Structure formats: structure tokens, C-alpha cells
Amino acid sequence: MAQTIITRSTKGQGLYEFTADAGEFVRASGVAEGLLTVFVRHTSASLIIQENADPDVKRDLGAFFHRLVPPSSDPSMAWIVHRMEGPDDMPAHIKAALTQVSLGVPIMKGRLALGTWQGLYLFEHRDRPHRREIVLHIGS
């Protein structure tokens with residue numbers, strides 16, 4: 001078993017890849033077969049596994065989620081009650097609820113068993129910069 005916390009500084013909404021850091025943690029652990037559990041310690045950010053080859057994928061995902069859950073200042077979001085932390089806060093919680101805060105990735109032959117174009121991403125849902133913590137845990 002092994003655990004660590006990695007941090008990511010974000011510059012606002014978007015996808016921030018951390019595949020290389022997770023892969024290095026797995027290699028350093030010496031575990032040949034097992035499961036990497038990834039957990040984000042925040043309620044306004046989430047985790048996804050997504051394509052890491054074409055940057056248009058990140059742009060399109062961001063645009064989709066913005067259309068799906070616009071800021072609470074948008075007239076379509078007039079029903080939002082929680083507004084204390086700004087117009088992006090409650091929409092950020094909704095986006096996190098629609099995605100995941102925890103992922104499991106198999107470890108095979110000492111490496112993450114991700115597909116060719118898959119990467120691990122922190123999905124930041126807030127507008128302003130944040131410092132996010134991601135827990136990596138290997139159970140064998």
C-alpha cells in the first residue's frame with residue numbers, strides 16, 4: 001500500500017492533466033499489479049479520464065459544461081439559492097456532482113492501465129485560481 005497527495009494550482013475553469021505524476025507515483029511504489037484510487041479533496045472540482053491528444057477535446061468539454069450549467073448570474077439559473085461565494089460557486093458544485101470525485105485505475109506490469117489516448121485530469125469548475133489536492137492511493 002502507498003499513498004501521497006499531489007497539488008495542482010489552477011488558473012480557473014478547465015482541465016489540468018496529472019497523468020505523468022500519477023504514473024511516476026505508481027512506478028516509484030514498486031507495485032506490479034493493483035489499483036490506483038484517485039480522489040480530489042474538494043466539492044467544486046472533479047476528476048475525469050479523457051483524451052489527451054487533441055486540445056480541442058478539452059475546449060469542447062469546457063464549452064459543453066458551461067452550456068449545461070451556466071453561472072448563477074445567467075437568467076436560466078434564477079432558481080439557484082446558494083450565491084454567497086459568487087456566481088460560479090453553485091454551478092461548480094453541480095458540475096462536480098455530475099462528474100466524479102474519485103477514480104479507480106488498474107495497475108498492470110507496474111504501469112497505469114490507461115488506453116493510448118487516455119489521461120487523468122483535474123476538472124476545475126471555479127473561475128478564479130485555486131490550489132487543489134489530489135490523493136493517490138495504491139492498494140494491491
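1. A pocket is here an open set of grid points with protein on both sides within 12 Å along at least five of seven lines. In this predicted model, the largest pocket has a volume of about 180 Å³.

2. The lining of the largest pocket consists of Thr19, Gly23, Arg27, Gly110, Arg111, Leu112, Leu114, Gly115 and Gln118. Two elements give two or more residues to this lining, helix H1 (19-29) and strand S6 (111-112). H1 has the largest share, with three residues. By class, the lining residues are five polar, two charged and two nonpolar.

3. H1 has Thr19, Ala22, Gly23, Phe25 and Val26 buried. Viewed down the helix axis, the buried residues of H1 fall within an arc of 160°, so they line one face. Ala20 and Ala28 are exposed on the other side of H1. Gly30 follows the helix and has a positive phi, near 80°.

4. The whole structure contains eight salt bridges. Glu85, Asp88, Asp89 and Arg126 are linked in a network of them.

5. Arg126 pairs with Glu85, the closest N and O atoms lying 3.8 Å apart. This pair links distant parts of the chain, 41 residues apart: Arg126 is in the loop between strand S7 (118-124) and strand S8 (131-139), and Glu85 is in the loop between helix H2 (55-68) and helix H3 (89-98). Arg126 has 3% relative accessibility and counts as buried, while Glu85, at 46%, counts as partly exposed.

6. Arg126 also forms a salt bridge with Asp88, at 2.9 Å between the closest N and O atoms, and another with Asp89, at 3.0 Å. Asp88 is buried, and Asp89 is buried with a relative accessible area of 1%.

Notes. Residues are numbered from 1 along each chain as its sequence is written. This is a predicted model: local features need pLDDT of at least 70, side-chain atom pairs count only at pLDDT 80 or more; totals for chains, interfaces and linings use all residues. Side-chain values use heavy atoms; hydrogens and water are left out. On a 1 Å grid over the protein atoms alone, a cavity is a set of points where a 1.4 Å probe fits but cannot get out, and a pocket is an open set with protein on both sides within 12 Å along at least five of seven lines; lining residues have an atom within 4 Å of a point. Grid points are joined across faces, edges and corners, and a volume is the space filled by probe spheres set on the points. Helices (H or I, at least four residues) and strands (E, at least two) are DSSP runs, numbered from the N terminus. Ala, Val, Leu, Ile, Met, Phe, Trp, Tyr, Cys and Pro count as nonpolar, Asp, Glu, Lys and Arg as charged, and the others, Gly among them, as polar. Buried means under 20% relative accessible area, exposed over 50%, partly exposed in between (1.4 Å probe, protein chains only). The arc is that of the directions from the helix axis to the C-beta atoms. A salt bridge is a side-chain nitrogen of Lys or Arg within 4 Å of a carboxyl oxygen of Asp or Glu.
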